[in-house]
Amino acid sequence: MRTQVAIVGAGPAGLLLSHLLEAEGVESVVLETRTRAYVEARIRAGILEQSTVDLLVQHGLGDRLLAEGDPHRGIHLQWPQERHHLDFVDLIGRTVTVYGQTEVQKDLGRAREAAGQTILYGIGDTGVHEVESDRPYLTFTDADGRSRRLDADVVVGCDGSFGPSRGAVPPAVRQTWERVYPYAWLGVLAAVAPSTDELIYARHPDGFALHSMRSAEVSRFYLQVPAGTDIAAWPDDRIWEALSARLNLDGWELATGAITEKSVLPMRSFVQQPMRHGRLFLAGDAAHIVPPTGAKGLNLAVADVALLAPALADLLVRRDRRAADAYSDTALRRVWRCTHFSWWMTTMLHTADDPFDAQLQLSQLRWVAGSEAGARGLAENYAGMPIEL
């Protein structure tokens with residue numbers, strides 16, 4: 001097999017990249033270890049930045065998003081006995097939209113299927129080879145157990161933390177930074193209408209809590225729990241008791257219902273650079289991970305491929321290397337901005353055993369809620385900076 005761009009990973013980053021490349025006249029083949037059904041069922045992010053929504057709409061991927069997505073003007077910040085609304089529209093003239101990553105994935109899958117995109121699901125043993133040459137290639141075992149080879153002009157790793165692309169950058173070349181947090185998120189989906197119009201981010205002495213939503217009938221919740229928590233230690237009744245304790249205020253009570261899914265999500269930050277080595281380019285979680293507090297993971301992946309697609313078109317069609325050569329440095333400016341914001345939100349809202357830190361957190365929350373400058377800074381970062389900083 002041969003193509004211009006071999007894409008490893010058929011998540012949102014990989015499928016969106018193939019869509020954007022086609023618009024630039026560049027062909028691609030996408031490889032994915034999981035089945036299509038598995039990829040489309042993964043529960044992930046649910047908040048889209050304004051720039052992400054604009055990009056999807058601009059490229060013909062926004063019909064269902066505009067019809068079913070839930071635009072939010074802002075968020076609520078809460079600590080004991082206080083809840084404050086930050087209105088992003090008033091502050092910066094931008095919004096965010098609640099629309100699950102599963103829905104984005106389905107929209108992309110249908111669009112690529114309609115376009116006749118070659119996507120090979122259920123492959124294994126993926127190897128990345130000769131990326132320092134002008135003839136990189138991938139080896140893999142297809143869903144029928146046959147050994148295959150895919151030659152390309154460029155390889156793009158959109159295969160997350162555990163795929164082979166990240167490790168194909170030689171140790172002598174790559175630099176990494178990581179922060180592992182001492183807590184995790186216990187996430188649940190519940191068949192109950194949201195009790196709030198917009199997301200509630202709550203700092204509580206017992207730990208952080210987040211009230212989000214997926215639709216008018218389905219709510220999404222997160223609880224701060226210790227790292228390494230066993231989900232079996234959290235029966236449904238305990239989850240609702242903890243959520244109610246951390247979210248309830250005088251005159252406002254959390255509605256409860258049937259919990260349909262629950263999981264524990266580790267919290268960490270990770271950045272690897274460069275995001276380009278030879279003819280290998282990295283995008284999304286293959287290059288960076290952020291804690292979900294700032295709602296940046298999916299949006300960062302979209303920003304990466306929005307930069308990368310025209311850069312690859314310049315390289316392969318117009319024989320202009322400048323944007324491709326600048327891709328890593330350009331993308332990393334936004335990556336580090338979002339990494340800082342995600343760390344800032346995380347450390348402001350999650351509790352630890354240090355009473356000094358607790359007072360600093362409360363002081364910071366009061367400043368953000370009470371200062372237009374503080375609120376504007378949070379809104380600007382949360383609703384999304386420009387794709388190219």
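Which residue caps the N-terminal end of α10? In this predicted model, the cap is aspartate 354, with a side-chain oxygen placed 2.9 Å from the backbone nitrogen of phenylalanine 356.

## Helix α10

Helix α10 comprises 16 residues, 355–370. From its first C-alpha to its last it reaches 23 Å, close to the 22 Å expected at 1.5 Å a residue.

Ala358, Gln361, Leu362, Leu365 and Val368 are the buried residues of α10. They lie on the same side of the helix, because the arc they cover around the axis is only 130°. An α-helix has 3.6 residues a turn, so residues three or four places apart point the same way.

## The eight-stranded sheet

Strands β5 and β6 also belong to an open sheet of eight strands, whose order is β6-β5-β14-β15-β16-β13-β17-β20. The pairing in this sheet is mixed. Its edges are formed by β6 and β20 (288–289); each has a single partner strand, so one side of each is left without a neighbour in the sheet.

Within the sheet, β13 (residues 175–191) and β17 (residues 258–273) are joined by 14 bridges and pair in the antiparallel sense.

Helix α7 (residues 236–247) touches β5, β6, β13, β14 (200–202), β15 (209–213), β16 (219–226) and β17. The direction of α7 makes about 90° with that of β16. Helix α9 touches β13, β14, β17 and β20, and its direction makes about 130° with that of β17.

## Glutamine 272

Glutamine 272 lies in strand β17. Its relative accessibility is 1%, and it therefore counts as buried. A polar atom of the glutamine 272 side chain lies 3.3 Å from the backbone oxygen of arginine 166.

Neighbours within four places in sequence aside, glutamine 272 is in contact with Arg166, Val169, Arg174, Gln175, Thr176, Leu282, Ala287 and Leu332.

## The three-stranded sheet

Another open sheet contains three strands in the order β9-β10-β11, and its pairing is antiparallel. Strands β9 (124–129) and β11 (147–151) stand at its edges; since each has a single partner strand, one side of each is left without a neighbour in the sheet. From one strand to the next, the twist averages 15°.

Strand β9 runs antiparallel to β10 (residues 137–141), and four bridges join the two. In this pairing, valine 128 stands opposite leucine 138 of β10.

Strand β1 is joined by four bridges to β2 (residues 28–31), and the two strands run parallel. Isoleucine 7 has valine 30 as its bridge partner in β2.

Conventions
Residues are numbered from 1 along each chain as its sequence is written. This is a predicted model: local features need pLDDT of at least 70, side-chain atom pairs count only at pLDDT 80 or more; totals for chains, interfaces and linings use all residues. Side-chain values use heavy atoms; hydrogens and water are left out. The expected span of a helix is 1.5 Å times one less than its number of residues. Buried means under 20% relative accessible area, exposed over 50%, partly exposed in between (1.4 Å probe, protein chains only). The arc is that of the directions from the helix axis to the C-beta atoms. A polar contact is a pair of N or O atoms within 3.5 Å; within protein, one must be able to donate a hydrogen and the other to accept it, and residues adjacent in sequence count only if both atoms are side-chain atoms. Two strands pair if DSSP finds at least two bridges between them. Contact means heavy atoms within 4.5 Å. Axes are lines fitted to C-alpha atoms, for helices over the stretch in contact, and angles run from 0 to 180 degrees between N-to-C directions.
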